[in-house]
Amino acid sequence: MGDKYFVLLVMCLLSSSFSMSMAVASSSNGVVRLGLKKQRLGFNTMHAAARIKERYSVDAESDSDDSGMNIVSLKNYLDVQHFGEIGIGSPPQYFTVIFDTGSSNLWIPSSHCHFSVACFFHSRYCSSNSSTYTEIGKPCKINYGSGMILGFFSEDNIKVGDLVVKNQVFTEAVREGSVILTLASFDGILGLGFQDISVGNVAPLWHSMLQQSLLAERVFSFWFNKDPSVSEGGEIVFGGIDPRHFKGQHTYVPVVRRGYWQVQIDNIRIRINIIGFCINCTAIVDSGTSFIAGPSAAVTKINDAIGAKGFASLECKQVVSQHGDIMWQLLLSGLQPDKLCSDIGVCSFNGSRALSDDIKMVVEQKTEMHNNTGVGQDLLCAACELTVAWIRTELKQDKTQGQVIEYVNKLCDTLPNPTTQLAVDCAKIPTMPTVSFVIGNKSFDLGPQQYILKVEQDHVTFCISGFIGLDVPVSPPQGPLWILGEIFMEAYHTVFDFGKLRVGFAEAA
């Protein structure tokens, strides 16, 4: 999605309210417990996240074009729901970070970031206020879907709970090329992957904990609280496993490729017909994304089986819900149709553009699907244009406002889907099938209440499929790559065992 649409979302996101819990940290006998905050996903956050490409570098190679500069790939973090707090420096300066098993570097905004609006919306690290700061200064460039973040390496003490990791190298971000940090509810990223994929070969914070003998065991574990009625978002435990966080025993599988926490998947299937979607697959267990991602062909079949529809339909329904009444009134008053969407603030153009041929085609053939429709670059604006055209058509048929709005809502369901995310009918969740992941010869089942995300906008609840398409090139003998994000980890308590190079899953308590 273009930067134009991102800018339109900034004010919407800033006005959104998030329900956050206070992080509670404790440590004893080489075990550190860090409470996680949880935000409620919003409609605008979900859509902003959908426009930023996730990047997984299977070979973990950096660009060599920038002499002396290290490059970090920034994934899609806007949809992540869980955050924690760390302190940097002496005395500690506190930051909200994502604990991300899908990356290996720690970065936070710097006090030297003067020319990016995003930095002024987040806490910034000030090295001059820390007595334990050591200057490094080596430049670092962080690439993501539609821009980049520039920064440099520094060294200081990092406080996690009551534990202090000394002389940790991290990145101070000083400039960003898009609004990703403005949209984000977090200050930075704390990577928990392997040093193999760490930019600049910097030892990840987790490795430094082990090297400094700060932990009782060479493991860390995630527990995400499934209960939406409580304030506690979950907990990450460094150096051990809390038996209160899971039921039964963990099933452990080996890490098949160092870098990411990548494991083998035996099969993925829909329980109602035992269809398999995975042969010789691997999966990255990634706390840095909410979704479960996989090859587009397989994900399309899963979404079809659960009855998911195009996300563009939600954009259309949002326009109808928020602007349908005023559109009706303005069209009746004689306002020029091609200026209406800009006048109400949905589109940024000045009204000189006419409806595209593709949009006219959708209007004329209302119930047909068109793969080449013009809803690609700016869904919200295009949805507004479509709604105006549809209302104009119905006005000529002397129908009431209620009849027209109801009919246009139905037409929204016919739109194709140019994004990765799909929506479902919330009322049908109880009848949706179970999706099972066979790992280590054990079936890990996800019911619809677990793989469907509910997001709210203006007191309206939307239900989003937790399965998204993501095609990552892999080299033989590796099979197709999947990403198991927070949706899976919320259902199954996850242990990352560095000592034995394995990952364990057990039913979350």
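## Surroundings of Ala-508

Once its neighbours within four places in sequence are set aside, Ala-508 is in contact with Trp-223, Lys-226, His-245, Phe-246, Lys-247, Glu-490, Ala-491, Tyr-492 and His-493. The model in which these contacts occur is a predicted one. Ala-508 belongs to strand E28, which covers residues 502–508. Because its relative accessibility is 1%, Ala-508 counts as buried.

Ala-508 can also be placed relative to Thr-494. The two residues are separated by 14 residues in sequence, and their C-alpha atoms are 8.5 Å apart in space.

## The chain as a whole

The chain contains 12 helices and 28 strands. Of its 509 residues, 56% are buried. Contacts between residues at least 6 apart in sequence were also classified by separation: 71% of them join residues at least 24 apart.

One pair illustrates such a separation in sequence. Gly-288 and Leu-484 are 196 residues apart along the chain, while the distance between their C-alpha atoms is 9.7 Å. Gly-288 lies in the loop between strand E17 (281–285) and strand E18 (292–294). With a relative accessibility of 0%, Gly-288 counts as buried.

His-493 is found in strand E27, residues 492–497. Its relative accessible area is 0%, so His-493 is buried. The side chain of His-493 forms a polar contact of 2.8 Å with the side chain of His-250. Not counting residues up to four places away in sequence, His-493 touches Ser-221, Phe-222, Trp-223, Ile-241, His-245, Phe-246, His-250, Gly-504, Phe-505, Ala-506, Glu-507 and Ala-508. Among the residues in contact with Ala-508, in turn, are His-245, Phe-246 and His-493.

Glu-486 is located in helix H12, residues 486–491. Its relative accessibility is 2%, and Glu-486 therefore counts as buried. The side chains of Glu-486 and His-82 are joined by a polar contact of 3.3 Å.

## Nonpolar cores

The largest nonpolar core comprises 86 residues. Within this core, the residues with the most contacts are Phe-99, Phe-222, Phe-238, Phe-437, Trp-482 and Phe-488. Apart from it lies another core, with 24 residues, including Val-319, Leu-340, Val-408 and Leu-411. In soluble globular proteins, nonpolar side chains tend to be buried together.

Phe-222 has contacts with several parts of the sequence. Leaving aside neighbours within four places, the residues in contact with Phe-222 are Leu-36, Phe-99, Thr-101, Leu-192, Glu-235, Ile-236, Ser-287, Met-489, His-493, Thr-494 and Phe-496.

## Helix H10

Helix H10 spans residues 401–412 and has 12 residues. The distance from its first C-alpha to its last is 17 Å, close to the 16 Å expected at 1.5 Å a residue. The buried residues in H10 are Val-404, Ile-405, Val-408, Leu-411 and Cys-412. Viewed down the axis of H10, the buried residues fall within an arc of 120°, so they line one face of the helix. An α-helix has 3.6 residues a turn, so residues three or four places apart point the same way. Val-408 and Leu-411 are also among the residues of the 24-residue core.

Strand E4 (residues 82–88) pairs with E5 in the antiparallel sense over 5 bridges. In this pairing, Ile-88 stands opposite Gln-93. E4 and E5 form a hairpin with 4 residues between them, and Gly-89 in the turn has a positive phi of about 95°. E5 is also joined to E10 by 4 bridges, and these two strands run parallel. The bridge partner of Ile-98 in E10 is Ile-189.

Strand E10 (residues 188–191) pairs with E6 as well, in the antiparallel sense and over 2 bridges. Here Leu-106 stands opposite Leu-190. Along E6 (residues 106–109), Leu-106 and Ile-108 point one way, whereas Trp-107 and Pro-109 point the other way, and all are buried. In a regular strand the side chains alternate between the two faces of the sheet.

Note on methods:
Residues are numbered from 1 along each chain as its sequence is written. This is a predicted model: local features need pLDDT of at least 70, side-chain atom pairs count only at pLDDT 80 or more; totals for chains, interfaces and linings use all residues. Side-chain values use heavy atoms; hydrogens and water are left out. Buried means under 20% relative accessible area, exposed over 50%, partly exposed in between (1.4 Å probe, protein chains only). Two strands pair if DSSP finds at least two bridges between them. A polar contact is a pair of N or O atoms within 3.5 Å; within protein, one must be able to donate a hydrogen and the other to accept it, and residues adjacent in sequence count only if both atoms are side-chain atoms. A nonpolar core is a set of buried Ala, Val, Leu, Ile, Met, Phe, Trp, Tyr and Cys residues joined through side-chain atoms within 4.5 Å. Contact means heavy atoms within 4.5 Å. The expected span of a helix is 1.5 Å times one less than its number of residues. The arc is that of the directions from the helix axis to the C-beta atoms.
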